[in-house]
Amino acid sequence: MIKTIILTITLTLNISFCFSQTEDEKTEKEAKKALKEWFENPTISDDLLDPNAIDQFEDSGRFENGVKEGLWIEYALDSSMMGETVTIKVGDKDVPMTFGGVLQKEIGEYSNGKKEGIWTTYESRDKEPPFYWNRRIVTNFKNGKKHGEEINYHGYEEKYQRPIQIKHWKNGIEHGIGKIYDVNHPYKLQQVYNAIDGQMWLLEQYYPNGKLQAKFTDTTIAGQELKYLRTYYESGALRETGYYINGKDKFGKWKFYYENGKVESIENYENDKLNGNYKYYHDNGQLWTEREYKNGLLWNVYSNYNRNGKKNDEGTIKNGTGTLNIYDAEGKLTDTVEYVNGEEK
């Protein structure tokens, strides 16, 4: 008798499991079919949220001595993008989309009328009840100001959501390391930056495949505070190195590389302008041309070679005035340009 009961339960479980598999496969098949049909003829509904929908929601919480205290739920309508139209690319088709309003709900604590601790912002893009509230932002507050970590989320349902931006705040001003992620799977890191009293400084930039594209490092040379930049090809090979002063102006020696590792050019900058010796090379390492710049102006041209080392006539330019002969990599003359006082005439 006992064996019979056990067998019956086992068979029931197996039958249920097989049925579940069949339903899942059917649902997946239907979803793929619907998605395929949409991609073949993509359309986006123009049915937008009625802004008056916000009227059906009412803030809830308690007041003590006329100020908000304890747990509150607050509602708002985000109309910042309402009415704006963008074009979305779906395959080879352009699909227009008009933005409507977005309902927002914030939940958190007040202390003596000021936001305190963790506040969570939810959004709903539903047009009518029932409204589904999806988590969007989690922010830390202190004494009414953003203070600590803030995370912006992408996707639906919390267990499937991924952060698309992480910020840090100090007394209401962004301050600290921030990160930005791709909004598409697999949500790879795109940028790392440092916010110093609200001013953003890029630290790292990444390609879509997750490989490092650019990296800044703080350094000091001869008492000058500089930012050292390294950029890379998508293959991982070094592309360029150089310094910035004041966070934006090129300074000192810059080196550029071909993807094969050979030096492409060596340039010198002052006040964000070419200044001093300039060398450009063929991709086999052979010097192509050597020049001199003054305050961004082409002043002298000393040589020009083809990729095999044969000397070309560089032109007559001296002290900023004369002609400059331009050659392709094989040494064929392609143009002659006249300069006066370092500028192309």
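Which residues do ring pairs link into a cluster?

## Aromatic pairs

In this predicted model, the cluster linked by ring pairs consists of Phe216, Tyr244, Trp254, Phe256 and Tyr269. Across the whole structure, a search finds 14 aromatic pairs. One of them joins Phe57 and Phe131 in an edge-to-face arrangement, with 5.3 Å centre to centre and 65° between the planes.

Phe57 belongs to the loop between helix H1 (2-40) and strand E1 (60-64), and Phe131 to the loop between strand E6 (114-124) and strand E7 (134-142), so this pair ties together parts that are 74 residues apart in sequence. Both Phe57 and Phe131 are buried.

## Arginine over tyrosine rings

Arg135 places its charged end over the ring of Tyr153, at 3.7 Å from the ring centre. Arg136 lies over the face of Tyr156, and here the distance to the ring centre is 5.6 Å.

Leu35 has its place in helix H1.

Asn306 is found in the loop between strand E22 (297-304) and strand E23 (322-327). Its relative accessible area is 8%, which means that Asn306 is buried, as the cut-off for that class is under 20%.

When neighbours within four places in sequence are left aside, Asn306 is in contact with His282, Gln286, Asn312, Ala329, Glu330 and Gly331. The C-alpha atoms of Asn306 and Trp288 are separated by 6.3 Å, while the two residues are 18 residues apart along the chain.

Methods:
Residues numbered from 1 in each chain as written. Predicted model: local features only at pLDDT ≥ 70, side-chain atom pairs only at ≥ 80, totals over all residues. Heavy atoms only, no water. Phe/Tyr/Trp six-rings, centres within 6.5 Å; stacked < 30°, edge-to-face > 60°. Helix = DSSP H or I, 4+ residues; strand = E, 2+ residues; numbered from the N terminus. Buried < 20%, exposed > 50% of the residue type's maximum accessible area, 1.4 Å probe, protein only. Lys NZ or Arg CZ within 6 Å of the ring centre and 35° of its normal. Contact = heavy atoms within 4.5 Å.
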